[in-house]
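Subject: Handover of a structure

Dear colleague,

Please find below the structure that I am passing on to you.

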Amino acid sequence: MRRVLLTVLAAALALAGCGAEASGGGKVTVFAAASLTESFTRLGAEFEAAHPGTAVTFNFGSSATLAQQIVQGAPADVFAAASPATMRTVTDASLAGAPVTFARNKLEIAVPAGNPAKVRTPADLAAPGVKVALCAEQVPCGVAAAQALKAAGVRVTPVTLEQDVKATLTKVRLGEVDAALVYRTDVLAAAGEVRGIPFPEADRAVNDYPIAVLDDAPAGDLAKQFVQLVRSPQGKDVLAEAGFEAP
Amino acid sequence: MTTTSRSGSARGGGRVVAGRLPWVLVVPALLGLAFLVLPLAGLLIRAPWPTLLQRLSEPQILEALRLSVVTATIATAVCLLLGVPLAWLLARVDLPGKRVVRALVTVPLVLPPVVGGVALLLVLGRRGLVGQWLESAFGVTLPFTTAGVVIAEAFVAMPFLVISVEGALRAADQRYEEAAATLGASRWTVFRRVTLPLVAPGIVAGAVLCWARALGEFGATITFAGNFPGTTRTMPLAVYLALETEPEAAIVLSLVLLAVSVVILASLRDRWVNAA
């Protein structure tokens, strides 16, 4: 019995030792809006290539969730949100200084390949029998969707209110809904499976994406360098390719 | 602490050997207890008590609670209807490849519920293997409906029922069943008149566990059934959404969920303890 305990203890210590060693290199932890998944993953790889030995890890999710996690003490270095309101949760808690807007994003109607419900305009979303997925109003894409639909003068009864834009997109990808309002960037990311339909009222609900280095960022300067990369011409190219607009 | 653990064990299975409690067991036991209880204490301490009543009277909360209780109860009924016979099959019938079947039954236990939800979509969704047929033949679509919530909950909760009922069946004295059979009872009669009453406490225990799991179900529900107030937004989904903007509201919702399950589990405690 005692020997077993000792072995377990030794193994645990060895593992702990390994962990400490591995975190010796540079490490940047980026909390980013779900809609940034593709572009930031690419930028992360470019950052790692430019800074050998460093590792960029991402936590993608709804900006509102990420903001709450940061306020609750999650160890983030950089926060990139899909709306100024969610960024404010973090700046209000005095956890980050002046955020800067680095990109803008616009909604499109996403329909599954083949467009089974023949959706062409926002008004079609209100037609009976058309199943629509929207983001919940607690998250940025939901706020934007509500604004855009209001601007279009359409009252839509969705079948589901998803907790982030990627979850909304998934419902279209799987063909479970006939249409959804997601960002242009998400439509591009799912090209082939999903078709995007731009609509003019989307201009009334454009999301600004702010980014900020957290005051207590464990990565320090590395975090600032990552933000610089995002705002550099190189970063702008990646973002533009993903479908973002320059601020 | 010492006295409560003594009396607890005395209830379960007779007097224990006297003597000093071995610290090797007591210390980890207390640590384990603290590990389980402290997070709950955190919820209670951080709860917005002054505004609690006002928040509780919000219609969305009652709506989500009602939906949760109703769907978890129906899901448990479905699990009983299908799970008890399945447990009987596993415990009493010589099936080829029974080990594999038993392993398959427990898959939902280890499968991340979100993956379970995706799997359900792939089978029962509009374009799913069975789902597209359901839609074309009957015009029925399950995702985004309350029925979808029940299916997601039953999928993740049924293994709990099957495992505990199967355990009870294996522990039950089979001589009663054999006696009934030699007196000419058919297998169905034996099951109905002898087996079922014999393992009733095990079935109740399994059903309670199953109900509790269904009540807390989140991942499969949000993936398969979506999230819409009144039809598919159960308490766990409401908690998750509230966390986005109003952590205090999320705490209130969790407390309600906690209170409901504690009351129900406590009211069934005697049977629960006997069966375990």
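Predicted model: local features only at pLDDT ≥ 70, side-chain atom pairs only at ≥ 80, totals over all residues.

Residues are numbered from 1 along each chain as its sequence is written, and chains are lettered from A and ligands numbered from 1 in the order in which they are written.

The sheet of chain A

In chain A, an open sheet of five strands runs in the order β2-β1-β3-β10-β4, with mixed pairing. Strands here are DSSP runs of E with at least two residues, helices are runs of H or I with at least four, and both are numbered from the N terminus. Two strands count as paired if DSSP finds at least two bridges between them. At the edges of the sheet lie β2 (55–61) and β4 (100–105) of chain A, each pairing on one side only. Within the sheet, β3 (residues 78–80) and β10 (residues 207–213) of chain A are antiparallel partners joined over three bridges. Val78(A) is placed opposite Val213(A) of β10(A).

The helices of chain B

An unreviewed UniProt entry lists residues 21–45, 65–91, 103–124, 144–165, 194–214 and 249–268 of chain B under "transmembrane region"; such annotations may be inferred rather than shown by experiment, and the positions are given in the numbering used here, with feature names shortened. In the model, residues 103–124 of chain B are 86% helix and 0% strand, with end C-alpha atoms 23 Å apart. For residues 249–268 of chain B, the figures are 95% helix, 0% strand and 29 Å.

Helices α10 (residues 174–182) and α11 (residues 187–215) of chain B have axes that come within 10 Å and cross at roughly 165°. The axes are lines fitted to C-alpha atoms over the stretch in contact, and angles run from 0 to 180 degrees between N-to-C directions. The two helices, α10(B) and α11(B), are therefore roughly antiparallel, a term used for angles over 145 degrees. Among the residues that meet are Tyr176(B) and Glu177(B) in α10(B), and Arg193(B) and Leu198(B) in α11(B).

The contact between the chains

Chain A and chain B each give 16 residues to their contact, where contact requires C-beta atoms, placed from the backbone, within 7 Å. On the side of chain A that touches chain B, α3 (63–71) and β7 (160–162) each supply at least two residues.

Yours sincerely

Methods:
Parallel < 35°, antiparallel > 145°, perpendicular 65-115°, else oblique. Contact = placed C-beta atoms within 7 Å.
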